[in-house]
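Open the model in your viewer and keep the selection tool at hand. This tour goes stop by stop, saying what to pick and what to look for.

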Amino acid sequence: MASYSPVKLAFRTVVPDDCELDKAVVIFIHGLSASKEYWMDIPEIVADGTRRKVYVIDSRNHGDSEWSDEFSFDCNVDDLLNFMDEEGVQKAILIAHSMGGLTAIKTALRVPERIEKIIIEDVSVRPPPKEMIGVITLFLTLSQEGIEKVPAGSDEKTAKKIILQHIGTNLPPEIRDMSKKKKDDMRIPMKINADGKYEFKVNIPAILKALKNPENLMTEPTGIYENPALFIHGLLSPFKKDVEEPHILKLFPNAKFVGIEDATHTVHNDCALEFTEAVLEFL
């Protein structure tokens with residue numbers, strides 16, 4: 001397995017008033033093009049409900065973490081383990097969505113003794129299919145085109161409207177309908193520069209470059225993780241439990257599965273209450 005130079009990850013910490021410091025901490029890991037803010041108040045609810053310390057991280061090339069020309073889903077595993085070492089985290093519970101789910105899966109398989117449990121949101125153990133890579137590439141390309149159309153000095157509401165309008169106009173209907181997000185919901189984090197122009201807090205060029213060679217994005221997961229694992233998926237998402245369950249159980253023999261109605265790929269956004277209840281029940 002290749003080893004990558006880890007980058008410094010940005011994070012926020014949630015410590016409940018009655019925190020039990022002898023418990024394994026919880027680490028939330030977002031999906032591709034998202035950030036730590038993407039989890040809304042779910043980390044606070046989990047911290048209070050479990051009395052555990054919680055970390056919410058930005059992955060490499062996302063949010064406030066360091067950017068690098070080197071990017072793959074395997075890089076994220078090295079970054080996460082380096083983060084755990086720097087923060088003195090001996091054992092963790094991982095709650096992770098999509099790309100973050102792949103990070104959690106490969107971390108649990110690499111160092112099972114350091115991962116108490118994992119909760120994986122709407123992703124399987126296999127590398128993403130080429131069709132999905134194509135959808136992601138198109139979405140990110142249109143997002144970058146859209147933000148370049150935003151005039152300097154625009155307010156955030158106007159900027160989001162221009163970007164989303166460009167995406168919506170150019171996405172095929174079958175892709176556009178895969179998401180339940182609100183029309184004004186821009187899930188890629190943005191920031192405004194000194195010149196009044198917006199840019200994404202995501203290294204889109206580096207990610208697009210990596211997506212052009214999907215065979216290098218992720219090595220095939222190997223190993224066995226026998227600790228508790230929960231795979232949550234949206235019943236309206238492309239995730240097909242009947243197809244993916246046998247592949248998951250080969251690596252995670254004690255995995256449990258929860259399907260949430262009326263949820264697409266972004267379960268924790270579409271159905272935050274149901275997602276959080278499933279997480280707390282499992283923990």
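Start in a loop. Select Asp122, which sits in the loop between S5 and helix H4 (130-148). Helices (H or I, at least four residues) and strands (E, at least two) are DSSP runs, numbered from the N terminus. Asp122 is buried, at a relative accessible area of 4%. Buried means under 20% relative accessible area, exposed over 50%, and partly exposed in between (1.4 Å probe, protein chains only). Now check the backbone: Asp122 is not a glycine, yet its phi is positive, about 55 degrees. Most residues other than glycine have a negative phi.

A word on what is on screen. This is a predicted model, with residues numbered from 1 along each chain as its sequence is written. Local features need pLDDT of at least 70 and side-chain atom pairs count only at pLDDT 80 or more, while totals for chains, interfaces and linings use all residues; side-chain values use heavy atoms, with hydrogens and water left out.

**Another positive phi**

Select Asn61. Its place is the loop between S3 and helix H2 (73-86). Phi of Asn61 is near 65 degrees, a positive value in a residue other than glycine. Is Asn61 buried or exposed? Asn61 is buried, with a relative accessible area of 0%.

**The sheet**

Now show the strands. Seven of them form an open sheet, in the order S1-S3-S2-S4-S5-S8-S9, with mixed pairing. Two strands pair if DSSP finds at least two bridges between them. Which strands stand at the edges? Strand S1 (11-14) and strand S9 (255-260) do. Each has a single partner strand, so one side of each is left without a neighbour in the sheet. Neighbouring strands of this sheet are turned by 15 degrees against each other on average, direction ignored. Axes are lines fitted to C-alpha atoms, for helices over the stretch in contact, and angles run from 0 to 180 degrees between N-to-C directions.

**Strand S4**

Select S4. Six of its six residues are buried, so S4 is largely enclosed by the rest of the structure. In a regular strand the side chains alternate between the two faces of the sheet. Both faces of S4 are covered. On one side are Ala92, Leu94 and Ala96; on the other are Ile93, Ile95 and His97.

Look to either side of Ile93. S2 and S4 pair in the parallel sense over five bridges. In S5, the bridge partner of Ile93 is Lys117. Six bridges join S4 to S5, and these strands run parallel.

**Strand S2**

Move to S2. Five of its five residues are buried, so S2 too is largely enclosed by the rest of the structure. Val25, Ile27 and Ile29 point one way from S2, and Val26 and Phe28 point the other way. Follow Ile27 across to S3: its bridge partner there is Tyr55. S2 and S3 run parallel, joined by four bridges.

**Strands S5 and S8**

Select residues 115-121 for S5 and 229-234 for S8. Four bridges join these two strands, which run parallel. Pick Ile120 and find its bridge partner in S8, Phe231.

Contact means heavy atoms within 4.5 Å.

Show H1 and H10 together. Their axes come within 10 Å and cross at roughly 30 degrees. The two helices are therefore roughly parallel to each other (angles under 35 degrees count as roughly parallel, over 145 as roughly antiparallel, 65 to 115 as roughly perpendicular and the rest as oblique). Which residues meet here? Ile42, Ile45, Val46, Gly49 and Thr50 in H1 meet Phe275, Thr276, Val279 and Leu280 in H10.

**Last stop**

Finish at Asp242, in helix H8 (residues 241-251). Asp242 is exposed, with a relative accessible area of 68%. Select Ile162 as well: the C-alpha atoms of Asp242 and Ile162 are separated by 39 Å.
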